[in-house]
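Q: I have a structure open and want to learn how to read its features. Can you take me through them one at a time?

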Amino acid sequence: MVDDNRRCFWCNLENTLYVSYHDNEWSLVTDTSDEYLFELLVLETFQAGLSWEIILNKRENFRSAFDNFDRNKIINYDEEKLEELYNDKTIIRNKQKINATITNAEVFNQIVEEYGSFYDYLQRFTGNKIIYETDKTTSTISDNLSKDLKKHGMKFVGSVTIYSYLQAIGLINSHEKECFLYHE
């Protein structure tokens with residue numbers, strides 16, 4: 001058992017989902033598959049303006065509502081499916097973010113087609129390395145990646161959201177010095 005006092009300060013120790021996310025996913029490269037990277041991108045875009053804990057608590061609901069984040073299903077959503085999502089009280093019912101998810105799925109597929117995988121595309125911005133830094137919300141990397149994603153046509157991918165995404169998938173490791181997962 002890990003000493004609870006050795007986690008990042010923001011980790012709500014009373015929420016087992018949050019503790020598990022902190023210990024096993026956040027700021028760690030655990031999965032580089034396109035499916036996982038798309039899931040986290042969707043969740044991060046929905047998180048904009050909200051706390052991550054809210055999104056994490058609804059993660060399974062998002063998986064169910066968005067067909068397990070299957071991009072090929074998402075890009076074919078019709079008006080009936082959109083209405084279902086707009087009215088789904090188990091997720092964040094933001095029409096702009098829901099519509100952006102469809103657009104982002106299409107763009108994500110185009111990027112995968114062009115670069116072989118989304119992870120390979122991301123590596124162009126990180127120089128094939130993990131960035132270790134704390135106490136930031138944006139960086140040159142997130143600025144450049146955000147601009148490129150927007151140029152490709154993605155929505156809700158500002159620099160703060162993208163920085164948070166890079167932390168979530170482990171390309172930026174931001175565990176605090178007191179945390180048992182901290183690295184330099």
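Q: Let's begin with the core. Which residues have the most contacts inside the largest nonpolar core?
A: In soluble globular proteins, nonpolar side chains tend to be buried together. This is a predicted model. Its largest nonpolar core has 55 residues, and Phe-66 and Phe-118 have the most contacts inside it.

Q: Which helix gives the most to this core?
A: Helix H2 does, with eight residues. H2 covers residues 34-47.

Q: What does Phe-66 touch, leaving out residues up to four places away in sequence?
A: Phe-66 touches Phe-46, Ile-74, Tyr-77, Leu-85, Ile-91, Ile-98 and Thr-101.

Q: Now charges. How many salt bridges does a search of the whole structure find?
A: Side chains of opposite charge can pair when their charged atoms come close. Here the search finds nine salt bridges.

Q: Take Asp-23. What is its salt-bridge partner, and how far apart are the closest N and O atoms?
A: The partner is Arg-7, and the closest N and O atoms are 2.5 Å apart. The pair links distant parts of the chain. Asp-23 sits in helix H1 (residues 16-24), while Arg-7 is in the segment before H1, 16 residues apart.

Q: Is Asp-23 buried or exposed?
A: Look at relative accessibility. Asp-23 counts as buried because its value is 16%, and buried means under 20%. Arg-7 is buried as well, with a relative accessible area of 7%.

Q: Next, Glu-25. Where does Glu-25 lie?
A: Glu-25 is in the loop between H1 and H2. Its relative accessibility is 15%, so it counts as buried.

Q: Which residue forms a salt bridge with Glu-25?
A: Arg-59 does, with the closest N and O atoms 2.9 Å apart. Arg-59 belongs to helix H4 (residues 59-65), so the bridge ties together parts that are 34 residues apart in sequence. Both Glu-25 and Arg-59 are buried. Their side chains are also joined by a polar contact of 2.9 Å.

Q: What else is in contact with Glu-25, leaving aside neighbours within four places in sequence?
A: Besides Arg-59, Glu-25 is in contact with Ser-20, Thr-30, Tyr-36 and Ala-168.

Q: How far apart are the closest N and O atoms in the salt bridge of Glu-60 with Arg-63?
A: They are 2.2 Å apart. Both residues are in helix H4. Because they are three residues apart there, about one helical turn separates them. Arg-63 is partly exposed, with a relative accessible area of 23%.

Q: Which residues are linked with Glu-60 and Arg-63 in a network of salt bridges?
A: Glu-25, Glu-39 and Arg-59 are linked with them in that network.

Q: Last, the backbone. What is phi at Asp-135?
A: Most residues other than glycine have a negative phi, and most peptide bonds are trans. Asp-135 is not a glycine, yet its phi is positive, about 60°. This residue is in the loop between strand E1 (131-132) and helix H9 (140-152). At 78% relative accessibility, Asp-135 counts as exposed.

Q: What about phi of Phe-156?
A: Phi of Phe-156 is near 60°, again a positive value in a residue other than glycine. Phe-156 is placed in the loop between H9 and helix H10 (159-168). It is partly exposed, with a relative accessible area of 31%.

Methods. Residues numbered from 1 in each chain as written. Predicted model: local features only at pLDDT ≥ 70, side-chain atom pairs only at ≥ 80, totals over all residues. Heavy atoms only, no water. Salt bridge = Lys/Arg side-chain N within 4 Å of Asp/Glu carboxyl O. Helix = DSSP H or I, 4+ residues; strand = E, 2+ residues; numbered from the N terminus. Buried < 20%, exposed > 50% of the residue type's maximum accessible area, 1.4 Å probe, protein only. Core = buried A, V, L, I, M, F, W, Y, C linked by side-chain atoms within 4.5 Å. Contact = heavy atoms within 4.5 Å. Polar contact = N/O pair within 3.5 Å; in protein donor to acceptor, adjacent residues only side chain to side chain.
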